[in-house]
Amino acid sequence: MTNKCEGLGVKRAAKAAVLIAAALAAVAPQSLAQRTQLKPGWNMFSPQQDIDVGKRASADAQKQLPSCNSPRVDEYLTELGRRLAAKLPTGGVQYPWEFHCVNYKGINAFALPGGYVFVNRGAIEIADNEAQLAGVMAHELSHVALRHGTNQATKAEMAQGVLGMAGAIFGDSSGGAMLTSLGTFAVGGVLLRYSRSAESQADVMGTQVLYDSGYDPRALSQFFEKLEAESRGKTPPEFFSDHPSPEHRVERVDEEIEKLGGVPVSARRDSPEFEGIKREVLALPVVKKGAPGGGGAASVAPPSGKFTSYEGKWFALKYPDNWGVSTDEAGGASFAPQGAVVQGGFGGSVAYGVLVGLQKAEGHPEDADALAKVTQQLIGGLQQSNPNMKVTRQSGRVRLNGQRGLSTYLSNDSPTGGKETDWLISVLRPEGLLYFLCVAPEAAYADYDKTFSTILDSVRFPR
Ligand SMILES: [Zn+2]
């Protein structure tokens, strides 16, 4: 009896094992063969350049964005992120992978080229479970592996030729570089401007990564559906300004899950660690946009009366010693107090400070007509990206380090809410139109006027 039963049991088990093996043989190669194969698009930059530019932009982002200041949360994001990255097809490239929690309630996450990932607390707070957070992170990691940032920059460079993208990002020894956006944030802006097809690719690869990491692969589209639902009738979350929703997002993800062989029964959705981290994040002090110190715009520290020196390629100046400076390789720079950059993401707007940029232009430095003309072009360009920007005081003549310049006052929407005053000083230099844009919220402008004047008085051009 006993023997027989045992015998039967063994036989049954063996038969079951054979059946499972057969099923695996039928399913596994098929699902591998069927999954969508994705590769990075054409790119004029090398993966090492992705890492170099990402590292620099990440250093800027860390200076400009308020940290959650929670080693536990950063560790958790790093552990989760690296686990996902291990399943990411990078074509053999070893990315350094860094993960940072940003103390912004706005629902956003972004990854700079080379693997520098920033996750807003808002994205952690809105996620229902670990799989959803893993979903948005897997989407971001896919942008890195598919090298979308520098691919977009490559396309922009090719399409327009005038952007000097390579120069703006990597420095231009010819000196002909031009900044198309303001200050150093040009870099973040360009690298994070994804197309809808890039979004769709990141969704598909992200779904594969989730699946391969043992998470419920539906979590990725669930997260985005949730975001869409939350934002109905409201301002869309910041996430969608960098990541435009592709057509048929959910259907495309579902299709990929089919190709992968469906949702595994054992798929992971949540973890006690996630719940603990979410509680910790919910308890963090709230930092209002534009004020990492907390408590709204007023908490940006007033400019110090002590000044420190900056010497760049095209100009030198003195700026308050409690401000920071960010430079870009094209020779532009921005000078701003802590917390002056607002907008949940990177590539954000400067609410307070001085932005210095260079735009390609020709004309003798003392040619008043040429200066007026290119200044008008600059203002036109600024108005394109800032539709509510208006000239409030027409250009007047000034001298900057003894050289002919134009002074123009503009009004614009402040990223802190309300209006801001922009004081623009432009001069023609041999290398192009050099401009200084002094920015402060209208209500606080009087407190900054004297500082701006002192900075501009200190400007020196190389002889
Ligand atoms: Zn995206």
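**Sheets, a disulfide and confidence in a predicted model**

Val102 stands opposite Asn120 in β3, a position within the parallel pairing of β1 with strand β3 (residues 116–120), which 5 bridges join. Here helices (H or I, at least four residues) and strands (E, at least two) are DSSP runs numbered from the N terminus, and two strands are taken to pair if DSSP finds at least two bridges between them. The structure is a predicted model, in which local features need pLDDT of at least 70 and side-chain atom pairs count only at pLDDT 80 or more, whereas totals for chains, interfaces and linings use all residues. Residues are numbered from 1 along each chain as its sequence is written, and side-chain values use heavy atoms, with hydrogens and water left out.

The pairing of β1 with β3 belongs to an open sheet of 3 strands, ordered β1-β3-β2, in which the pairing is mixed. Its edge strands are β1 and β2 (109–112), each of which pairs on one side only, and the twist from one strand to the next averages 15°. Axes are lines fitted to C-alpha atoms, for helices over the stretch in contact, and angles run from 0 to 180 degrees between N-to-C directions; contact means heavy atoms within 4.5 Å. On these terms α2 lies across β1, β2 and β3 and runs at about 35° to β3, while α3 packs on the sheet by touching β1 and β3, its direction making about 135° with that of β1.

Cys68 lies in the loop between α2 (47–64) and α3 (71–85) and Cys101 in strand β1 (residues 98–102), so the pair ties together parts that are 33 residues apart in sequence. The torsion about the S-S bond of Cys68 and Cys101 is about -55°, and the disulfide is therefore left-handed. With buried defined as under 20% relative accessible area, exposed as over 50% and partly exposed as in between (1.4 Å probe, protein chains only), Cys68 is buried at a relative accessible area of 4%, and Cys101 is likewise buried, at 3%.

A further open sheet contains 7 strands in the order β6-β7-β10-β14-β13-β12-β11, with antiparallel pairing. At its edges stand β6 (323–327) and β11, each with a single partner strand, so one side of each is left without a neighbour in the sheet; the twist averages 20° from one strand to the next. Helix α15 (residues 445–457) packs on this sheet, touching β6, β10, β11, β12, β13 and β14 (432–441), and its direction makes about 155° with that of β14. Cys438, at 0% relative accessibility, counts as buried.

Strand β11 (residues 390–400) runs antiparallel to β12, to which 8 bridges join it, and Val398 stands opposite Gly405 in β12. The hairpin formed by β11 and β12 has 2 residues between the strands, and Asn401 in the turn has a positive phi of about 50°. Strand β13 (residues 419–429) pairs with β12 in the antiparallel sense over 9 bridges, with Leu406 standing opposite Ser426 in β13. These two strands, β12 and β13, also form a hairpin, here with 5 residues between them, and Gly417 in the turn has a positive phi of about 100°. Elsewhere in the sheet, strand β7 (residues 333–337) and strand β10 (residues 353–359) pair in the antiparallel sense over 3 bridges, and Ala333 stands opposite Val356 in β10.

Leaving aside neighbours within four places in sequence, Asp216 is in contact with Ala131, Leu210, Val263, Ala267, Arg268 and Arg269.

Confidence is expressed as pLDDT, the predictor's confidence in each residue, from 0 to 100. The mean pLDDT of the protein is 80, and 78% of its residues reach 70 or more. Over residues 1–31 the pLDDT is below 50, and beyond near neighbours in sequence this stretch has 3 contacts in the model. The pLDDT is also below 50 over residues 160–188, a stretch that has 84 contacts in the model beyond near neighbours in sequence.

Technical notes
Disulfide = S-S within 2.5 Å.
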